[in-house]
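Hello,

Here is the structure I promised to hand over. Could you load it and read my notes alongside?

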Amino acid sequence: MSTSHRDAHPYGRSADDVRRREQRVRRTRQLRATQLGIFSLLALLLIGVGVYAVGQFREPVQEPGVIGATSATEESTGLTCPEPGAVPLPPKSVTVTVLNGTGRGGLAGDITEQLAERGFAVGDAGNTKKASGAATVVYGPKGYLAAQSVQAQVPDAALQLDEREDETVDLLLGNGFSTLVEQKDATVALEEPVEIPEGCPTS
C-alpha cells in the first residue's frame, strides 16, 4: 500500500491537512476566547466608570474657587460668642491679609497699605480665585470680633467662617469692590456694639 493511500482521509484529505485544520480551529477558538475576555474586562471597566460618573453628578459639588454660602446657624457653630455690648477689636489687634480676586492689578497691595495706615497688622498681599461679590471677610471661630473690625472698613463685605484656629482675617476682594469707606466712618463703626450671631446669648 502506498504512503499516500495510508495517509488519506476518508473525505479525501490527508491526515496532515486534517491536523493543520484542527490546529487552525484551536488557535481561532483561543484567539476568540482571549478577545472575549478582553472585551468583557473593557465592558466592566466602562460600566464602573459610568457608575462613578453618575454618582459624581448626583453628589452636590461646590464650584472650585467659589466660597460657599453659610447660614447664620452654621456660622455660630463652634464660634466664640462675643459678650453683649462687645465692640470690634481695635485694628492694632487684628492681622488681615488682603487677596485680590479681580482683574485690577495691584489692588490687594493698595488696600493692604491703606489698612496698615489705619493701624491694622497686615499679611502679604496676594491673589485669589475664591472671591465672590464685592468683598468677603473670612475668619475662624475665634475671630468674630476681628472680622467685625475689618468689616467696618468694608461695610458691604460678607462674612465667611472657616476652620482656622487663630484670630487672623482674610479680606477677599471681588469684582464689585471699589474702595474702603472713609476712615472717619470706619472709626465710628468700630465704637458701635457688634451684632450678636444667631445662637449666641444676648444677655
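There is 1 aromatic pair in this predicted model, where a pair means Phe, Tyr or Trp rings (for Trp, the six-membered ring) with centres within 6.5 Å, called stacked if the planes are under 30 degrees apart, edge-to-face if over 60 and tilted for the rest. The ring centres of Y139 and Y144 lie 6.1 Å apart with the planes at 65°, so this pair is edge-to-face. Y139 and Y144 are both buried (buried is under 20% relative accessible area, exposed over 50%, partly exposed in between, with a 1.4 Å probe and protein chains only).

Some ground rules before the rest. Numbering starts from 1 along each chain as its sequence is written, and side-chain values use heavy atoms, with hydrogens and water left out. Because this is a predicted model, local features need pLDDT of at least 70 and side-chain atom pairs count only at pLDDT 80 or more, while totals for chains, interfaces and linings use all residues.

On confidence, pLDDT (the predictor's confidence in each residue, from 0 to 100) averages 84 over the protein chain, and 81% of the residues score at least 70.

Helices (H or I, at least four residues) and strands (E, at least two) are DSSP runs numbered from the N terminus.

Next, the nonpolar core, meaning buried Ala, Val, Leu, Ile, Met, Phe, Trp, Tyr and Cys residues joined through side-chain atoms within 4.5 Å. The largest one has 26 residues, and I111 and L171 have the most contacts inside it. At least two residues of this core come from each of β1, α4 (107–117), β4, α5, β5 and β6. Leaving aside residues up to four places away in sequence, I111 touches V98, L171, L173, F177 and L180.

L171 sits in β6, a strand with both faces covered: V169, L171 and L173 are buried on one side, D170 and L172 on the other. Which strands pair with β6? Strands pair if DSSP finds at least two bridges between them. β1 runs parallel to β6, joined by 5 bridges, with V96 partnered by V169. β4 pairs with β6 in the antiparallel sense, also over 5 bridges, and here T136 has L172 as its partner.

The structure holds 2 salt bridges (a side-chain nitrogen of Lys or Arg within 4 Å of a carboxyl oxygen of Asp or Glu). R164 meets D162 at 2.9 Å, N to O, and R164 meets D170 at 2.8 Å, N to O. Together D162, R164 and D170 are linked in a network. How covered are these three residues? R164 is buried at a relative accessible area of 18%, and D170 is buried too, at 18%, whereas D162 is partly exposed at 27%.

Best wishes

How values were computed: Contact means heavy atoms within 4.5 Å.
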